[in-house]
Structures are given as structure tokens and as C-alpha cells.
Amino acid sequence: MLSFADFGSDNHSGVHPDILDALRNVNEGYTVAYGLDKYTKKAVEQMKEIFGKQSAIFFVYNGTAANILGLKTVTDSFHSVFCAESAHLTVHECCGPECFIGCKLVNIPTSDGKLTVDLIQPYLIGVGDAHMAQPHVISLTQATERGTTYRPKEIQKLADFAHKHDMLLHMDGARLCNAAAFLNVGLNEICGKVGVDVLSFGGTKNGMMYGEAVVFFNKALAKNFEFIRKQGMQLTSKMRYISTQFSAFLSNDLWLQNASHANEMAHLLARQIQNIPGVQITQKVEANMVYAKIPNQCITRLQRQYYFHRFNEHTCEVRLMCSFTTKPEDVLSFAQAIRKALDAT
Ligand SMILES: Cc1ncc(COP(=O)(O)O)c(C=O)c1O
């Protein structure tokens, strides 16, 4: 167990007590496996209430699998997928998409993690040319890896552009809850209702033990998912342990409560450090992370007391991540430690 305050990742926090209770509650007795159980049916129904009756919902263990299997279901190996150069899909999935899907990822430079039609347009080339990868999907991350969020109108614009060009819109929603909480909208207002075709919906970073969902907003797209998930080794036999977590997560607005707290902690941190001479916040603080430049010597000193990552090992930009368990007092003492570290240099 880490004994110091942690701003390293929202994956570093534990499991919300309501989720642990839910796990305990389904632990008695026997039930059928592979998602045919009543707990999975209930969780799928709850998700359909949010994402629409026409949607098709599936559970997997982790976000990498949600992205890769969701995308594999809607692509062929001669397709290309456009994503931000900072996307988890292209940076942190160990070429999994290239390996399992076989398609080409087109990394689009963007300073704030967000894609726009203008950024994508120049890459839309070679359509119909047998020598070229065929553009097929635009993948967005919501909230982005840089902590920014897409407004509903921005997503709709990207969806219209994708559909006009016979492409699909995919969303990596590992932090969809943080984005919805920040924007003060329902979950579906920033995906299904604004033209997203396939969504990876995250639970792990926001209080679950493990588990993500793949949501297809049009059932027809999901036709082969079950086979692809099995081949992809993500069809868990004891599915009830993922499903029951989602049920608890979506009950009593637990998802919103957790995400709002994580966001508030990031905003508090930003307010505390923004005026410290020598600190420069480098991205808009919207969801649950703060990007900042801090002098190198201070980073090393601070890392003796606090866990956090450099965003880029060659620069002094750090990523400070908050979660549903971040305590306000830890935020305040961290800000104080930054002040002290700067004074000492
Ligand atoms: C934007 C984003 N997508 C997806 C993931 C999923 O990762 P994992 O496979 O570790 O659950 C992460 C995890 O850090 C992430 O930040």
C-alpha cells in the first residue's frame, strides 16, 4: 500500500465501498456463467436506460480491450483509424490495435488532446485508392488524455463529418463520467445522442474494481462482437462480478458522485498552484487532471513525498491526477509542498 498522497493516476485508488458491497451481495450461491446470469441482464437493462433501448452492451475487463475489441468489430485490416497523437489507443496500448485489428492508426497532432474537423480533414486522403489504407473510424477520447473535454456540439460536428465520409465515430470513454460531471450533462448527451457509434465506457478509474463496457449505439454494428470478445480472451466466465459493479456504479448516481469529487479535487489543486511563481498550468483544467510545468529540481524533491508522473520524461511537465478518493487536505499539503520546493531552489 502506498503510504504517501498520490497524484499518479486515478487507477491508484481503491474500490468504492458500495462496489465492494455489491460484489459481496452476488457472492452467495450459484449462477450461470458467461453473462447469461440475472445480474448481467439487470446491468445491461440499466445501461440501456442510459444509452438507449437500441444499443447493444457488452462487458470486458479493461479499457484497452474495450477499445480494441470495439474497434475490431467495426473495421477491416485495410482500414485506418484517426486518433489524437496523445490517445491512449496509440500511445499506451502497446500496438494492440495494430496487432489485433491489423489496421493503421493515423496519429493527428493536437495540443489539447482534442480533434476537430479541421485537424482531421488533411488526413482524409486515398479514399477508394487500393494502394492506401481506407479511412474508416475517428476515435475521440472523452475526457481526453490531456484532461480536456468535448462539448456535445463539438462531438456532433465530428460525427456528422465522419458519417458524411462513410466513417464511424468511436469514443474512448475511460473517463466519460468525469467529462459528463464537468459538463453537467447526462452520459448519453456526450455520446449516443450526438452521433457516437461505438463507446468504451469506463468504470475502473471511477471507483470500480475492474470492468468496462463496450456500447454499440446501433445493434447491427455489434453483430460479431461476441465472437471477437471470446477470441480476444475477454469473455469472463464469472461475469456477475463485473455486472454487479456496473449496477451499483449506475445506481444512486455513484458514477456522478465519484467523478464530481475527482474533478473538484483537480480544480482545487489548480486553484492552489496556479499563482505559485515558477508553476505554469499547461492545459485547461476540466476533468480530474492538472498538467503543469514545474522546475526539474522541484519535481525530484517532490517525488520523494508524493507520487506523480512526468508527462514527458524529457520535459518538466507533470500530470497530476485526482480520483474519487483524493482528500482535500492532501491537495492542500501538496500545493504547500510545491511552494516550499520552489522556495528552496
Ligand atoms: C484514456 C484511457 N483509455 C483507456 C484506458 C484503459 O486502460 P486499461 O486497459 O489499463 O484499463 C486508460 C487507462 O489509463 C486511459 O487513460
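First, some ground rules: helices (H or I, at least four residues) and strands (E, at least two) are DSSP runs, numbered from the N terminus. You're looking at a predicted model, where local features need pLDDT of at least 70, side-chain atom pairs count only at pLDDT 80 or more, and totals for chains, interfaces and linings use all residues. Residues are numbered from 1 along each chain as its sequence is written.

Start with the sheet. Select its 7 strands: the sheet is open, with mixed pairing and the order E1-E7-E6-E5-E4-E2-E3 (strands pair if DSSP finds at least two bridges between them). E1 (56-60) and E3 (104-108) stand at the edges with a single partner strand each, so one side of each has no neighbour in the sheet.

Zoom in on E2 (residues 79-84), which pairs with E3 in the parallel sense over 5 bridges. Pick Ala84 there and you'll find its bridge partner in E3, Ile108.

Next, select helix H3 (residues 63-74). H3 lies across E1, E2, E4 (134-141), E5 (168-173), E6 (198-202) and E7 (212-216); contact means C-beta atoms, placed from the backbone, within 7 Å. H3 runs at about 170° to E6, with axes fitted to C-alpha atoms, for helices over the stretch in contact, and angles from 0 to 180 degrees between N-to-C directions.

Now show the ligand. Around it sit Asn62, Gly63, Thr64, His88, Thr141, Glu145, Asp172, Ala174 and Thr204, where near means a C-beta atom, placed from the backbone, within 6 Å.

Last stop: Gly29, in the loop between H1 (17-25) and H2 (38-51). Its C-alpha atom is 36 Å from that of Thr326.

Note on methods: Contact = placed C-beta atoms within 7 Å.
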